[in-house]
Amino acid sequence: MHGVLRSVWDEPRPPDPPPLGWRDWALLVVLAPVAVLEGALRHDLPWPALSIAIAVGLLPTLLWRRSRPLPTVAIAFTVCGTAPLLTHGHSPDLNVMVYLVLVVYALARWGSGREIIIGWLIMIGKLGLSWVFGVAGFTGLVAGCIIISATVAAGAAVRYRTGARMREIDQIKLLERERLARDLHDTVAHHVSAMVIRAQAGLATSAARPDAATDALRVIEAEASRALAEMRSMVRVLRRNEAAELAPSPRIADLRRLGDTRTGPVVEVRFDGDIAEVPPAVATAIYRLAQESVTNARRHARRATRILVHVTADAAAVRLRVSDDGESAGLRPVAPGFGLLGMIERAELLGGRCEAGPDPGRGWTVTAVLPRTGSAT
């Protein structure tokens, strides 16, 4: 039990809370006149002016609820807890002050572990004072505890669900970086092997043909330049210390194999431009992106009859477009799946971009643009 409490106490704040937006200001604009109107129309309030002042005065705390959750809770519940002392035991709370539920939720969603514990004690202390001074009965005390606990639980559930989602996304990105590093490793190994073979050939023929060493050096210099460029890309991606597979990496021309299937929709592959001279790292990435896109289309494109894979290469970039004619409305996930997240990560690591979405009429399209140099960022 002590270990659990210690773990909760040491829990850090979630990163990147949302900044203030127009919805936050709109909430204040709506609630302020509602509080004034309720205070003016209710005849059971012994201190209507004080009730209105408290309800309106605490509204600005909603603006701080994500950035300073504990001070917000402390101010709001301390004011509400001490107000009955000024009204001789009468509760000055208005119904509109139910907006304090947002403050409680924000504490569990965006506060650190120690802030949540301290804030929860402050809220329970306020309910206890209300019961002691007779402002609220035992039923009100129990109902207040239930509401606060349920709100805290809801905030914590969203917090940890979001955290789990972010951890899964990070794992997908790490896995894609490892795959890309392995593909780049294969490319570098190919260049180095070519240099070794050429150097051995130059040495073997140097006695009979002195110019063979010069030719070998030219080839080695070219291959070394390419290998160095690939190495610069490889060191920019995260990779675990595992042995990489040395099997030949697929290239753009290998996309024709995606159409060799007897089941599912027909896969049509088209090429425009010079794909033969595309650097290996970019060629492999295009193949991987197309492969994942075709797999997703077969999995999600309901009643699809055709999948078109179109690769266009020019002097600056290589463009990929994968589209299908399946039913997309209501059948594809709104949020990017892990497969698409991996594709986006791979494209960004090579200095490009990848996007996916439904077509205006029917079908789904994935587009990717990679710089021909394959410069990693």
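The model is predicted: local features need pLDDT of at least 70, side-chain atom pairs count only at pLDDT 80 or more, and totals for chains, interfaces and linings use all residues. Residues are numbered from 1 along each chain as its sequence is written, and side-chain values use heavy atoms, with hydrogens and water left out.

**Overall picture**

The protein has ten helices and five strands. Helices (H or I, at least four residues) and strands (E, at least two) are DSSP runs, numbered from the N terminus. Of its 377 residues, 38% are buried. Buried means under 20% relative accessible area, exposed means over 50%, and partly exposed lies in between (1.4 Å probe, protein chains only). The accessible surface is about 20900 Å², and carbon and sulfur atoms hold 62% of that. Areas come from the Shrake-Rupley method with a 1.4 Å probe; for residues, only the protein chains shown count as cover.

**Helix 3**

Helix 3 spans residues 48–57, and its buried residues are Ser51, Ile52, Ile54 and Ala55. They lie on the same side of helix 3, because they cover an arc of only 165 degrees around the axis. The arc is that of the directions from the helix axis to the C-beta atoms. Helix 2 (22–41) and helix 4 (69–86) are among the elements that cover these residues. Cover here is counted by contact (heavy atoms within 4.5 Å).

**Salt bridges**

The whole structure holds eight salt bridges. Each is a side-chain nitrogen of Lys or Arg within 4 Å of a carboxyl oxygen of Asp or Glu. The table gives three of them.

| Pair | Closest N and O atoms |
|---|---|
| Asp24 and Arg66 | 2.7 Å |
| Glu268 and Arg270 | 2.9 Å |

Asp24 sits in helix 2 and Arg66 in the loop between helix 3 and helix 4, 42 residues apart. Asp24 is buried at 6% relative accessibility. Arg66 is buried too, at 15%. Asp24, Arg65 and Arg66 are linked in a network of salt bridges. Glu268, by contrast, is partly exposed at 28%.

**Cysteines**

There are zero disulfides, counted as pairs of cysteine sulfur atoms within 2.5 Å. Cys80 is buried at 5% relative accessible area. Cys145 is partly exposed at 25%.

**A nonpolar patch**

Trp131, Val132, Phe138, Val142 and Ile146 form a nonpolar surface patch with about 530 Å² of accessible area together. Helix 6 (113–132) and helix 7 (138–205) each give two or more residues to the patch. Helix 7 supplies the largest share, three residues. Phe138 lies in helix 7 and is exposed, at 55% relative accessibility.

Definitions and conventions:
Patches are made of residues with over 30% relative accessible area and no salt bridge: like charges are joined within 9 Å, nonpolar side chains (Val, Leu, Ile, Met, Phe, Trp, Tyr) within 5 Å.
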